[in-house]
Amino acid sequence: MVTKTEESELKNLEIQVDNGGGGAWEYLSLVRKLKVRRSDKVLKHGLSILNDSKLRSKLGADEWTLYEQVAVAAMDCQCLDVAQDCTKALRKRFSESKRVGRLEAMLLEAKGSWEEAEKAYSSLLEDNPLDQIIHKRRVAMAKAQGNISGAIEWLNKYLEIFMADHDAWRELAEIYTSLQMYKQAAFCYEEVILAQPTVPLYHLAYADVLYTIGGLENVQTAKKYYASTIDLTGGKNTRALFGICLCTSAIAQLTKGKNKEDKEGSQLQSLAAKALERDYKQRAPDKLPQLTTALKSLTLSS
């Protein structure tokens, strides 16, 4: 995850380079280091170095790193001629390189030659079954073709090998959610939270899924995760505050004639409602009447 300091440094350097103040190589190096997506900028400033023999010669061995970086950016920008030229230069220099082979497969993918790309990826995986990038490219390729079931299959196979990849678990959770496969999505978010327990976004997403599934136990657990989201964000997550109110109302309805929700739960709902009212007064005072009506309806239904 990119920190605010790093983001600020990148932005300042980008402005400097765009305005002709130099520092193109430093900018490109920072983009690589932070693993951010700036394909148009990388293509523009990378080519300005590669097309200047004096600047290129100063890079030494890093010249080939830049060729690879520009090749990937060119594919992203659909400048396939540039990508092909860069890949050819790398193949000429590293004739037996599997890494260059991966770039060539990516170029086939960018051209829409799906079958050829799949054959190339399969061949590369035979030599190195643990190449994470190729496994991920297969997922991306399935999604690009609209083959969501294929993407799910490749992601599950990938996670059998790389179980600690929380980004992959999150992607799989989002796919399952889009297909309304909420139980599977919930399992994925549990894995994500285990790996990243202090990220409020994951607590919130998990709570949303559990609330959507419904049932007393799921709604009660959803309420706990909405509460943890509020705790992790210092009480500043509007969606989680709404979630507390919705869950409290749903629990009251589900336990009618059985057990009443405890006082602590009612107090939490009251605190969440007050926090929402304060938030709306500051940020959207014109919407306050609608909020008041919505909160009142939840109270009446419970």
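Gln180 sits in the loop that joins helix H11 to helix H12 (182-195), and the model in which it is placed is a predicted one. The phi angle of Gln180 is near 60°, a positive value in a residue that is not glycine. The side of the chain at this point is open to solvent in the sense of the calculation, because Gln180 has a relative accessible area of 58% and counts as exposed. Met181 belongs to the loop between H11 and H12 as well, but with a relative accessibility of 28% Met181 is classed as partly exposed.

Phe187 is partly exposed, at a relative accessible area of 45%, and its C-alpha lies 9.0 Å from that of Tyr206, a residue 19 positions away in sequence. Cys188, by contrast, is buried, with a relative accessible area of 1%.

A second residue with a positive phi is Gln78, where the angle is again near 60° in a residue other than glycine. Gln78 is in the loop between H5 and helix H6 (80-93). Another loop residue, Asn147, is placed between H9 and H10 and is partly exposed, with a relative accessible area of 35%. The C-alpha of Asn147 is 42 Å from that of Gly23, and the two are 124 residues apart along the chain. Val17, in helix H1 (residues 4-18), is buried at a relative accessible area of 9%, and its C-alpha is separated by 7.6 Å from the C-alpha of Tyr27, 10 residues away along the chain.

The accessibility values of several of these residues are set side by side below.

| Residue | Relative accessible area | Class |
|---|---|---|
| Val17 | 9% | buried |
| Cys86 | 4% | buried |
| Asn147 | 35% | partly exposed |
| Gln180 | 58% | exposed |
| Met181 | 28% | partly exposed |
| Phe187 | 45% | partly exposed |
| Cys188 | 1% | buried |

On the scale of the whole chain, the domain assignment gives domain 1, covering residues 1-95, and domain 2, made of residues 199-255 together with 264-301. The C-alpha centres of domain 1 and domain 2 are 45 Å apart. The largest pocket lies between these two domains, because domain 1 (1-95) and domain 2 (199-255 + 264-301) both contribute residues to its lining.

This largest pocket has a volume of about 1900 Å³. Its lining is made up of 41 residues, and those nearest the pocket centre are Lys35, Val36, Arg37, Val72 and Arg137. Among the elements that give two or more residues to this lining are helix H2 (24-34), helix H3 (39-50), helix H5 (62-76) and helix H7 (98-110), and also helix H9 (132-144), helix H10 (148-161), helix H11 (166-178) and helix H13 (200-213). H5 provides the largest share of the lining, with seven residues. Sorted by class, the lining of the largest pocket holds 20 nonpolar, six polar and 15 charged residues.

The UniProt record, an unreviewed entry, places a feature named "domain: EMC2 TPR-like" at residues 100-209.

The cysteines remain to be considered. A disulfide is a covalent bond between the sulfur atoms of two cysteines, and a search of the whole structure finds zero disulfides. For Cys86 the reason is one of distance: the closest cysteine sulfur, in Cys79, is 10 Å from the sulfur of Cys86, which is too far for a bond, given that a disulfide requires the two sulfur atoms to be within 2.5 Å. Cys86 is also buried, with a relative accessible area of 4%.

Note on methods
Residues numbered from 1 in each chain as written. Predicted model: local features only at pLDDT ≥ 70, side-chain atom pairs only at ≥ 80, totals over all residues. Heavy atoms only, no water. Domains from an automatic or database assignment. 1 Å grid on protein atoms, 1.4 Å probe; cavity = no way out; pocket = protein on both sides within 12 Å on 5 of 7 lines; lining within 4 Å. Points joined across faces, edges and corners; volume = space filled by probe spheres on them. Helix = DSSP H or I, 4+ residues; strand = E, 2+ residues; numbered from the N terminus. Nonpolar A, V, L, I, M, F, W, Y, C, P; charged D, E, K, R; others polar. UniProt positions renumbered as here; feature names shortened; annotations may be inferred. Buried < 20%, exposed > 50% of the residue type's maximum accessible area, 1.4 Å probe, protein only.
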